[in-house]
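Me: I've just opened this one and could use a quick walk through it. Can we go piece by piece?

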Amino acid sequence: MPSQPVAEGREAVEREAEPGPAAPRRRTGPAAALRTPDALNAALLLVAAVLWLWALPGIDFRSIEEFGLLDRFPLAFYAALAVLTCGFVLTLRRAGTAPLWPATYCAAMLVALKAPPAILYDTVRYAWASKHDAIISRLLTEGTVHPGRELSGGMSAYDQWPGFFSLDAALVRAFGVDAAASFINWAPVALGLLTVPVLILVYRTFSDDWRLVWTGVWIFQLANWVGQDYLSPQGFSYLLYLTVFAVVVRHFVLPGSAGALRDRSALDPAAASVPPPTTTRQRAVAVLFLVPVIATINASHQLTPVMLCASLFALCLTRRYRNFGLLVTAGLIMLVWNLTMGRELFLDTLGTLREKAGDLLGNSRPGFAGDPTGPGPELVGSANVLMVLAVGGLAAAAVLLRRKLARSALPLVLAAAAPLPMFAVNDYGGEMIFRVYLFGLPGAAFFAAAALVPATGAASRAAKIARRTTAVALPVTLVALLAGFLPSYYGKEGMHYAPPGETALTRRAFDRAPEGALVLAATGAFADSYYRYDHYERWFFTEQEVDENLRMLKDPAGYLAGGIPAGRPAYVILTPTQGEAVIGEGYLPEGGFDTLREALKSSPLFAVVEEGPYGLVLRYRPTTGG
Amino acid sequence: MAHPRLTPRVQRRAALAASGWIALAATAFPGGSPLRWIPVLVFVVLAPGLALLLPQPFGLRPGARLEALALAAPVSLSVATLAATTLFLTKSFSLTVFLGVLALFVTVAALLPGVPLPAATRGAVERDGARSDSARGFPRFRKRRPGGGR
């Protein structure tokens with residue numbers, strides 16, 4: 001028997017299994033080893049890595065203009081992403097025998113997409129991440145939380161759900177660093193790397209076809225543009241939510257409930273058999289195992305437990321997963337937390353439910369603001385809509401066309417649809433639409449992948465046409481989703497990156513203000529806006545209806561002076577990042593921020609404390625005007 | 001007298017049991033040093049979950065390996081979060097107490113039998129059947145357990 005290079009071992013297994021007339025020609029030596037699929041995969045990965053590393057220093061994040069990082073990424077960066085996409089599609093051909101390759105490409109894509117800010121930025125990326133940094137710093141200073149204490153701007157909610165921040169504070173101490181700021185920008189990469197295995201676990205429960213599983217993971221990564229993956233309770237709770245879901249779909253199948261799904265002919269060729277049923281005792285053990293995870297979700301975030309209960313309830317609608325015990329456990333833990341630690345906000349929210357409930361259109365509106373202005377934010381807006389339509393359209397097509405798969409993967413369909421009724425309840429500060437999308441995404445990504453990866457084996461004419469079409473459609477769609485992800489994730493980067501000079505100016509301004517002062521800013525979406533937040537009150541004065549802002553722009557100084565309580569020391573901080581944010585979020589019309597800035601600067605009601613390229617700080621002087 | 005054999009499984013349990021104390025010892029290094037944060041991070045993110053899932057009487061079956069790997073991090077982080085939250089709520093947080101509690105938890109859990117999630121033990125039956133088929137890249141039927149699924 002001729003000798004065979006080790007690298008060809010898996011290849012040979014696959015070739016033996018492949019139908020077809022072409023008998024493999026056996027070759028030996030290094031030249032043959034270079035022609036193996038493994039060598040090709042490694043070569044493409046290497047090319048992508050070289051391009052990416054070469055592009056990295058060229059990402060000009062310090063001079064971001066209206067298109068965010070999109071026109072600041074060098075061509076080599078885009079080339080690296082394109083090579084990774086091509087490489088990934090090629091690895092799918094042997095996804096069943098060499099699953100490590102698509103896994104490596106998925107991890108590489110995650111790092112390629114989300115690591116640049118972590119490596120390059122010298123400040124905390126994203127205003128909300130910086131807010132969380134401030135919360136962690138306060139927790140470390142205080143050594144405890146005060147759930148009953150009233151803090152302005154809804155900040156007491158963070159004391160009532162301190163789980164995630166406690167973990168971060170503990171890590172800050174354990175790493176021996178000054179603040180979470182030193183690792184905060186790595187959160188999207190870390191959360192992504194932890195989420196992917198759980199997602200695979202979920203997808204493998206419903207499909208035996210590794211190509212489908214990996215494509216689903218890939219689409220999930222690209223469609224997860226909503227920016228909830230920063231160091232946040234919701235990003236963390238989302239990972240835990242998926243964990244609970246994974247354990248439920250794998251270990252909570254009721255005996256005798258699978259019915260026709262145990263018959264292989266009733267299943268889609270790509271579908272996995274229903275997991276074996278479990279006894280009451282086994283399910284009870286699994287509930288006990290999940291209690292710490294569910295408790296952590298409840299200790300960390302307000303909305304995720306509601307989404308979890310909605311998903312568990314939706315699963316109870318199927319005969320296969322009718323586990324009221326788990327639903328009741330999750331509901332009880334949520335109720336206990338809401339009535340003890342989270343009592344204040346919970347009762348508050350219940351009070352507003354009456355006015356918000358039923359307002360479907362109002363609750364599904366993203367934010368308070370009008371339409372974003374300027375070519376950059378408009379591009380982002382269009383990309384967001386197209387991404388939702390593309391993923392949703394592909395998923396809907398697969399649910400309709402692969403009904404057998406939809407039937408066996410019904411829990412995924414239900415979990416994707418379960419958050420939808422939330423629109424009827426609350427707007428979650430204008431965030432509800434993004435959260436509903438996020439919780440629907442695992443199911444949507446799976447079925448979008450199912451639309452692009454037809455089952456192998458079927459020999460009908462339609463199946464052949466489908467295979468030929470998707471051979472082209474798959475890479476095209478993945479490139480299109482990549483093209484949609486980049487503007488969605490990096491198109492508003494002007495709002496997310498603040499140079500160190502700007503954060504220093506903000507901190508100086510806060511430090512200068514006396515305890516209890518009112519600090520005004522156009523919006524809270526700038527780094528360090530919540531710096532030492534328990535010492536000041538903040539007023540982000542453009543975060544309201546656009547009509548009101550237009551009224552404000554007619555006489556900004558008078559409008560602000562009218563809102564400052566008598567005798568209260570007040571300061572205004574205006575930074576370039578705020579200028580980006582009010583346009584990006586559509587709070588002010590184009591040029592509105594400059595008008596505001598000039599009007600306040602020239603008004604006798606405000607004195608300039610500090611002015612420079614990083615911003616303007618003003619002090620309110622009520623007596624001068626009078 | 002018979003000595004317990006240092007099988008890979010015993011070694012794994014011993015490594016897990018020791019990991020927390022190593023992480024605690026690593027905090028003696030200066031703040032921010034990789035010699036400090038890497039062992040601490042690895043311990044907090046993986047050890048509690050692995051200690052709960054890994055020690056199975058007959059080792060993890062193939063179908064459960066991915067599961068243990070995927071669930072280790074979220075479960076570990078949950079345990080760490082609950083420990084940290086309790087310590088902060090009771091105003092008793094200190095680095096030594098936090099890592100000490102986790103190290104103790106991991107040591108005890110590593111010595112006890114793992115959580116008997118069905119896939120770790122019984123679900124492996126069908127995965128064993130699937131393994132030979134999937135090795136050829138073609139998902140096939142799985143063996144049905146006697147009486148299973150009906």
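Predicted model: local features only at pLDDT ≥ 70, side-chain atom pairs only at ≥ 80, totals over all residues.

Me: What stands opposite A:L518 in strand 2 of chain A?

Reply: That's A:E537.

Me: How many bridges join strand 1 of chain A to strand 2 of chain A, and which way do they run?

Reply: There are 4 bridges between strand 1 (residues 518-521) and strand 2 (residues 537-540) of chain A, and the two run parallel. Strand 1 of chain A also pairs with strand 3 (residues 570-574) of chain A, in the parallel sense and over 4 bridges.

Me: Switching to the largest nonpolar core: which residues touch the most other members?

Reply: A:A448 and A:Y571 do, out of 239 residues in that core. Helix 20 (residues 432-452) of chain A gives the most to this core, with 15 residues.

Me: And what is A:Y571 in contact with, leaving aside neighbours within four places in sequence?

Reply: Among them are A:A509, A:A513, A:A517, A:V519 and A:L520, and also A:V617, A:L618, A:R619 and A:Y620.

Me: New topic, the two chains. How many residues does the contact take from each?

Reply: Chain B puts in 51 residues and chain A puts in 56 residues.

Me: Which helix of chain B gives the most to the side that touches chain A?

Reply: Helix 3 of chain B, with 18 residues.

Me: How does that side of chain B split by class?

Reply: The side of chain B that touches chain A has 31 nonpolar, 11 polar and 9 charged residues.

Terms used:
Residues numbered from 1 in each chain as written. Chains lettered and ligands numbered in written order. Contact = placed C-beta atoms within 7 Å. Nonpolar A, V, L, I, M, F, W, Y, C, P; charged D, E, K, R; others polar. Core = buried A, V, L, I, M, F, W, Y, C linked by C-beta atoms within 7 Å. Buried ≥ 20, exposed ≤ 12 C-beta atoms within 10 Å, placed from the backbone. Pairing = 2+ DSSP bridges.
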